[in-house]
Amino acid sequence: MAFAITQNCCNDASCLSVCPVNCIHPTPDEPDFGKTDLLYIDPRSCIDCGACADACPVDAITRVSRLSPSQAIYAELNADYYRDRPVDHAWGAPTFPPADIGSVSLKRVAVVGTGPAACYTATALLRQTDAAVTFFDKLPVPGGLARYGVAPDHTSTRRIGEHFRSLFVHSRVTMRLGVEVGVDVTVEELSRTFDAVVYAVGADRDRQLPLESEVVPMSARTLVGWYTGHPDVPADAVNLRGVTRVVVIGNGNVALDAARILTAPVEDLVGTDISAHALAALRDSAVQDVTVLGRRGPEVAAFTRSECQALVDRTSVPVLVAGDDDLSSVLAALPLSASAAPLASVPRADEAETGDGARRIVFSFGRAPVAVRPGALDVRGSGASDAGVVSSIPADLVLQATGYRGSALPGLPFDADRGTVRNVEGRVVDSDDRPVAGAYVVGWAKRGATGGIGDNKLDAERTVELMLADSLSAATSSGRATAGRRPLFGRTGR
Ligand SMILES: Cc1cc2nc3c(=O)[nH]c(=O)nc-3n(C[C@H](O)[C@H](O)[C@H](O)COP(=O)(O)OP(=O)(O)OC[C@H]3O[C@@H](n4cnc5c(N)ncnc54)[C@H](O)[C@@H]3O)c2cc1C
Ligand SMILES: NC(=O)c1ccc[n+]([C@@H]2O[C@H](COP(=O)([O-])OP(=O)(O)OC[C@H]3O[C@@H](n4cnc5c(N)ncnc54)[C@H](OP(=O)(O)O)[C@@H]3O)[C@@H](O)[C@H]2O)c1
Ligand code: SF4
Ligand code: SF4
């Protein structure tokens, strides 16, 4: 009776190295890594030792015999991954740090940000060098989106925060919270003070939405900041009074978080980390209908299968799909592992009709937003029967959950097209693609706003490998001049 990986998996790959029989895949050197929602355990090879379950920071691994009825699908999904895929369970050659790691001249490293990418970077640096790490964050509380993004009802995922907290009290770590780089300290000052600076500043803006109206939807960032208690989002930023119908533009996981929290029975939220003001407002909320709007079809839905499955399995709030018979056939033809596969079994809905007063979530595919009007969102169809046709979905509140982008930091090269720090594989580069000495980037600020918490681990480790390689090659060529560096924050830190 094997173990299985379930919904909470954030792909950080912590379980891989502890498995004595290498039966968890894809591994980082396999082409599927980073493309699957979860990692999967091969039930034919698992020897039931439980080591992976102990290593998982978010309790995503369970013995198959202990899966709850709603989790039973994960036994099938784990096995399904191996059905037509020959997997090599032999261990690859071990890798070791370079033999001359003692020559690495990184003694003082600044990490800007305290989200997952920053934490994985600092972990790798503390493990592989004797550098002292100084974290900077503009917020007074560390954690980035692990603290102010992950939904409060994702209690297992939020546990990753406990994992990171031990890092913040490490003897070689200094915390500079409430210090905004670019405002309180410049990029230039950091580069003068530290041997290397790693930017892990995430993505703090909305992707631009082309609408034919001046009314702008509410950003999902505001809703998320409101229910997680983000210090910059006031308690009255969201007013649900008189709101019964909500349309969420976009169908990524942030859209699903918004739909789930807005319709959650309040008892599901009591005892979680939700802000007191959001809990009070949701207790009195009259929200009934939440439409999740995708501009394309279900076969390319942006949400992950596990988040969709969790929504469908929540028996307290029905999930429906709007659309015609063609859509039913598309859903029915999806493979078991497809993101929208759980929707194949849900009832159909006409979103022009409200439900019977009870709450519900309606998925609507193939319709792009056109304009926000008082009481409605106009959308343009792209399906076989409604291509180009503009219709309206009634809405008291329209939310935009169409993805995030980064902002330019003064003094740091910025790629405006991608909304990231300008970089090649994590080395910050100038407009001629020449590396900026000692400057690196990780996480969403490097790759763009995509991927879950664990995706930032390998990403950070790869950037740290580059830092070590650069430091070694600098040490072997000439030896870097360190004279003239002075401690900045003995002087100006707050
Ligand atoms: C709403 C939401 C919910 C999510 N839920 C999940 C989930 O349940 N599971 C999952 O696996 N993934 C989830 N994700 C994805 C996950 O949060 C990201 O993969 C991850 O947070 C990206 O890490 P990061 O460190 O690059 O950025 P962030 O976590 O955004 O961290 C950036 C940090 O940099 C700081 N900063 C920015 N600019 C400056 C500056 N100028 N000076 C100083 N500090 C600065 C910020 O304050 C912040 O602390 C979610 C994402 C969102 C948006
Ligand atoms: N595991 C979790 O619980 C969790 C929770 C939250 C976030 N995350 C992760 O965090 C990352 C970011 O999530 P996200 O939801 O912000 O972004 P996302 O996954 O990129 O989804 C963005 C959505 O917005 C749509 N969109 C973009 N531009 C649009 C436009 N002009 N008009 C209409 N729709 C538009 C996209 O449609 P198209 O697909 O057509 O472009 C897509 O549906 C993702 O990797 C996500 O998995 C994970
Ligand atoms: S239970 Fe043991 S053998 Fe099975 S996947 Fe986990 S670590 Fe590997
Ligand atoms: S969260 Fe990490 S440790 Fe847990 S199952 Fe997923 S990859 Fe493995």
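Which backbone N or O atom lies 2.9 Å from a nitrogen atom of ligand 1? The first legend has the reply, and every view here comes from a predicted model.

**View 1. Backbone atoms beside ligand 1.** It is a backbone N or O atom of Val-181 that lies 2.9 Å from a nitrogen atom of ligand 1. Look next for Ala-200, which has a polar backbone atom 3.4 Å from an oxygen atom of the ligand. Pro-116 takes part as well, with a polar backbone atom 3.5 Å from an oxygen atom of ligand 1. On its own, ligand 1 has 1000 Å² of accessible area, and the protein covers 91% of it.

**View 2. The shell around ligand 1.** Here you can see the 34 residues around ligand 1, of which Asp-137, Leu-145, Trp-444, Gly-451 and Ile-453 come nearest. Sorted by class, this shell has 18 nonpolar, twelve polar and four charged residues. Three elements each supply at least two of the shell residues: α3 (116–128), β6 (132–137) and α9 (253–263). Ligand 1 lies between domain 2 (102–204 + 405–492) and domain 3 (209–402), because both of them give residues to its shell.

**View 3. Side chains beside ligand 2.** For Asn-253, a polar side-chain atom lies 3.1 Å from an oxygen atom of ligand 2. Ligand 2 taken alone exposes 910 Å², and the protein buries 81% of that.

**View 4. The shell around ligand 2.** Ligand 2 is surrounded by 24 residues, with Asn-251, Arg-295, Arg-296, Thr-402 and Gly-451 the closest. This shell divides into ten nonpolar, nine polar and five charged residues. Helix or strand, which element gives the most to it? That is α9, with three residues. Domain 2 (102–204 + 405–492) and domain 3 (209–402) both give residues to the shell, so ligand 2 lies between them.

**View 5. An open sheet of seven strands.** Follow the strands across the sheet in the order β7-β6-β5-β8-β25-β24-β23, and you will find that the pairing is mixed. At the edges are β7 (173–177) and β23 (423–424), each of which pairs on one side only. Within the sheet, β8 (residues 196–199) and β25 (residues 435–441) run parallel and are joined by three bridges. To locate this pair, look for Val-197, which stands opposite Ala-439 in β25.

Definitions and conventions: Residues are numbered from 1 along each chain as its sequence is written. Chains are lettered from A and ligands numbered from 1 in the order in which they are written. This is a predicted model: local features need pLDDT of at least 70, side-chain atom pairs count only at pLDDT 80 or more; totals for chains, interfaces and linings use all residues. Side-chain values use heavy atoms; hydrogens and water are left out. A residue is near a molecule or strand if one of its heavy atoms lies within 4 Å of it. A polar contact is a pair of N or O atoms within 3.5 Å; within protein, one must be able to donate a hydrogen and the other to accept it, and residues adjacent in sequence count only if both atoms are side-chain atoms. Accessible areas come from the Shrake-Rupley method with a 1.4 Å probe; for residues, only the protein chains shown count as cover. Helices (H or I, at least four residues) and strands (E, at least two) are DSSP runs, numbered from the N terminus. Ala, Val, Leu, Ile, Met, Phe, Trp, Tyr, Cys and Pro count as nonpolar, Asp, Glu, Lys and Arg as charged, and the others, Gly among them, as polar. Domain bounds come from an automatic or database domain assignment. Two strands pair if DSSP finds at least two bridges between them.
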